[in-house]
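I opened the notebook to keep a record of what I looked up in this model, entry by entry. The entries follow the order in which I went through the coordinates.

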Amino acid sequence: MTADLDLRAGMRAAMPIAAAYLPVAFALGAASSQLGFSIFESALWSAIMFSGANQALLLSGLASEVPLVLLALLAIAASLRHALYGAALAGRLDASSAGRATFAYGLTDEVFATTLTAYEARDRALPSKWLVGLAISALGVWIIGTALGSAVGDVLQARAPGVSAALDFALPALFVGLVWSTARQSLLGRMLLSGALSALMIFLGRPELAIPAGALPALIPDRKTG
Amino acid sequence: MTALWITITIIGAATYATRVVPLLWLRPNGQERLRSSWLNRLGPCLLAAMAIAVILPTFTRSEGALEILATTVGLVAAGASMWVRRDPGLATLVGMIAFYVVSP
């Protein structure tokens, strides 16, 4: 195995994700006080779910007094998009079952995007150590961020709103970099169509369908040449 | 409180299942098969959709022209950084700094 894809390289690859996760985890941690969570319980909540979308859904649903069973069903339905990520990555990994199982625990939207980008840049399958370094680092930052948010999140939001807003911008900036890295001539048309379908779903008020709809252009077959 | 933690555990377990099952189940035989399959096209298409899902709300949530300008400058700066050096981590940092400098 080459050194550029070892455990430490995986952890380094997680740094942009860490910058993007900290403010979101902070906000969730600060908001978790409305669930009556202690700092430890906030961290445990993030460790068990590790999904910003599902955690936000739980917070907003409980505030609106939505029944827990319905919240669970909605969260599970929203999580089905992860199956697409696994399907897209499965053939791009050179990892054992244990490595895949560990990596899968941290397979969030951003970890998927970073993994795909790393594969496209090197054009070879990614090994277990790199994958585990990436996913576990992202998970660690998420847990720490939630705990910190639970402890001091409200104070930072109130005293340094400019810094807080800049941290919020990490996610859009990260995605510019990730899409740029992955874009290639043969897929440009399909990627533009994916983006357009995603935008359409958002404008139609169905943001939960934005990513699944964006998957559809992948089904358009390649044009035969020669 | 117990019911809440049971719900959290169920959602966590189900989320993990959606993440792990395809990774353990789907193992294409070799790179050639992957290259020619729809799975090869799926990743970049998902990524483009995710980017729009993340970026578009930053514009629609903006409260004024200066905030829209800061978002635009931040995105352009991140893109310019990628143009100069293909490093998503650096682009994230450059985009955040540009956004911070311009934002109201």
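Entry: the residue after H3(A). I began with A:Phe50, which follows just after H3(A) and takes a positive phi of about 35°, in what I have to remember is a predicted model. For A:Phe50 the value is positive in a residue other than glycine. I placed A:Phe50 in the loop between H3 and helix H4 (52-63) of chain A. Is A:Phe50 buried or exposed? I found 24 C-beta neighbours inside 10 Å, so A:Phe50 counts as buried, the cut-off being 20 or more.

Entry: I then listed the buried residues of helix H3 (residues 39-49) of chain A, and they are A:Ser42, A:Ala43, A:Trp45, A:Ser46 and A:Met49. I asked where around the axis they point, and they cover an arc of only 155°, which means that they sit on the same side of H3(A).

Entry: H8 against H11 within chain A. I looked up how helix H8 (residues 109-122) of chain A packs with H11(A), and I read an angle of about 35° with the axes 9 Å apart; the crossing is left-handed.

Entry: I followed A:Glu120, which has its place in helix H8 of chain A, and I recorded it as partly exposed because 17 other C-beta atoms lie within 10 Å, whereas a buried residue would need 20 or more. Leaving aside residues up to four places away in sequence, A:Glu120 touches A:Ser181 and A:Thr182. The C-alpha atoms of A:Glu120 and A:Ser181 are separated by 7.8 Å, although these residues are 61 positions apart along the chain.

Entry: H11(A) across to chain B. I turned to the pair formed by H11(A) and helix H5 (residues 88-102) of chain B, whose axes come within 8 Å and cross at roughly 140°, in a right-handed crossing. From H11(A) I listed A:Ala170, A:Ala173, A:Leu174, A:Val176, A:Gly177, A:Leu178 and A:Ser181, and from H5(B) the contact takes B:Pro88, B:Ala91, B:Thr92, B:Gly95 and B:Met96. The class division here is eight nonpolar, four polar and no charged residues.

Entry: the whole contact between the chains. How many residues does each chain give to the contact? I have 72 residues from chain A and 56 residues from chain B. Helix H11 (residues 170-182) of chain A supplies the largest share of the chain A side, with 13 residues. By class, that side of chain A has 53 nonpolar, 16 polar and three charged residues.

Entry: Chain B has five helices and zero strands, and buried residues make up 43% of its 104 residues. Among the contacts in chain B with a separation of 6 or more, 37% join residues 24 or more positions apart.

Technical notes: Residues numbered from 1 in each chain as written. Chains lettered and ligands numbered in written order. Predicted model: local features only at pLDDT ≥ 70, side-chain atom pairs only at ≥ 80, totals over all residues. Contact = placed C-beta atoms within 7 Å. Helix = DSSP H or I, 4+ residues; strand = E, 2+ residues; numbered from the N terminus. Nonpolar A, V, L, I, M, F, W, Y, C, P; charged D, E, K, R; others polar. Buried ≥ 20, exposed ≤ 12 C-beta atoms within 10 Å, placed from the backbone. Arc of directions from axis to C-beta. Axes fitted to C-alpha atoms, helices over the stretch in contact; angles between N-to-C directions. Left-handed = near helix turned anticlockwise from the far one by under 90°.
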